[in-house]
Amino acid sequence: MTETLAPPTGPTIKEQGGALLAHAAGYASHRTITVGLRSGLLEELGRAPAGATPDELAERLGLDPFYVSVWCRAALSAGVCDRDGDRYRFAPHMATLLLDRGSPGYVGGVFTLMEQREMFGRFEDSLASGERLWWDECSHDWIAGVAGTGTPYYSRLVPGGLGQVPGLAERLAAGGPIVDSACGAGVGVVRLAEHFPACRVVGVDGDAHSIEQARGRVAEAGLADRVELHCSPLEQLRVDRPAALIVNNISMHECRDIDVVTENVLAALEPGGWFVISDFPFPDSEAGLRSVPGRVMGAIQFFEAQIDDQLLPRAYYDDLLARHGFTGPGSASLTPMHALTWGRRPAP
Ligand SMILES: C[S@@+](CC[C@H](N)C(=O)[O-])C[C@H]1O[C@@H](n2cnc3c(N)ncnc32)[C@H](O)[C@@H]1O
């Protein structure tokens, strides 16, 4: 008697092939977007709300008309553009998402950042050696690119995200020092100083080039009289005056010693002062890892690995703050790739 074999379960080879091709398609759309960003094609489309033909775009930018027509069709495939006859124009919201650095929804910076060597190229080259690096060895372009992708995180944090922390807005309206720990190139210190005019803002970062960039940004914004900048590891964080608020934007997971930094933050706060961690909530489930936000955060992990850390699940910060004696814990999800966690220094 012959045994009947159970039919195979799980996805078919056709379905798995489709899943792989979706990755290749994503790569094609990604490259279409970065070509459009770097060449000025996307910016030129933004200047033509009624649309433009490939020939018109080519003429305006001094590019080859045939190549531009190929790019336009690929941008249509990617959903970045719509087409009306032979005229292309931005699909709804795409101009804001790709070009408007001030928008809380801005994602344009992610595309060009992912193509920089620090993300995948250097990782692949160092796969055998496992050689690590730190921010002072990263290119200046990388630091500028990270500041660009960090910008919408600050736009969502200040003032909207901070507005979700009970009692904080009232305290800041009355003035009180704010510290941006790991302030990078200064986008956040400028935003904090502009939104909380009664407050002094201190930015601290361990990377000298980032602090230099921050100085330039603060001076350009005319805020040098209210913003102080220091180059120092957070593991040695000290403040002259206790802070009403300490924020950390997309950097807490990078601490060399996260417990020492959390202790330092607690010590640097006034009684009742707040620590707000604004970070990527790395998925802690397989379904989360396979989601679109999970896959983008998975890409960021390639860079994080090289600086010897990894993004952390949001709940990690609940435990961190609790074990260091913070009270009044809270959290909020701002987007699937952005979450806040906060706690307060106990009042006596
Ligand atoms: C991803 S960037 C974010 C910068 C900025 N918060 C932003 O959102 O644009 C991380 C920053 O954290 C700084 N950093 C990482 N670990 C640090 C540490 N232990 N002490 C001080 N700065 C640190 C780096 O120098 C870098 O500027």
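This tour of a predicted model goes from the ligand to a surface patch and then to the salt bridges.

An N or O atom in the Y154 side chain is 2.9 Å from a nitrogen atom of the ligand. E235 places a polar side-chain atom 2.9 Å from a ligand nitrogen. The protein covers 96% of the 600 Å² of accessible area that the ligand has on its own.

**A surface patch**

Move to F66, Y67 and V70. Together they form a nonpolar surface patch with about 360 Å² of accessible area. V70 sits in helix α4 (residues 65-77) and is partly exposed, at 36% relative accessibility.

**Salt bridges**

The whole structure has 12 salt bridges. Start with E44 and R47, whose closest N and O atoms are 3.0 Å apart. E44 is buried at 9% relative accessibility; R47 is exposed at 54%.

Next, pick R171 and E270, a salt bridge at 2.8 Å, N to O. This pair links distant parts of the chain, 99 residues apart: R171 is in helix α9 and E270 in strand β7. E270 is buried, with a relative accessible area of 16%.

Then go to R200 and E228, which meet at 3.6 Å. R200 lies in the loop between α10 and β4 and E228 in strand β5, so the bridge ties together parts 28 residues apart in sequence.

Finish at R31, R38 and E115, linked in a salt-bridge network.

Notes
Residues numbered from 1 in each chain as written. Predicted model: local features only at pLDDT ≥ 70, side-chain atom pairs only at ≥ 80, totals over all residues. Heavy atoms only, no water. Polar contact = N/O pair within 3.5 Å; in protein donor to acceptor, adjacent residues only side chain to side chain. Areas by Shrake-Rupley, 256 points an atom, 1.4 Å probe, with all protein chains shown as cover. Patch = residues over 30% accessible without salt bridge, like charges linked within 9 Å, V, L, I, M, F, W, Y side chains within 5 Å. Salt bridge = Lys/Arg side-chain N within 4 Å of Asp/Glu carboxyl O. Helix = DSSP H or I, 4+ residues; strand = E, 2+ residues; numbered from the N terminus. Buried < 20%, exposed > 50% of the residue type's maximum accessible area, 1.4 Å probe, protein only.
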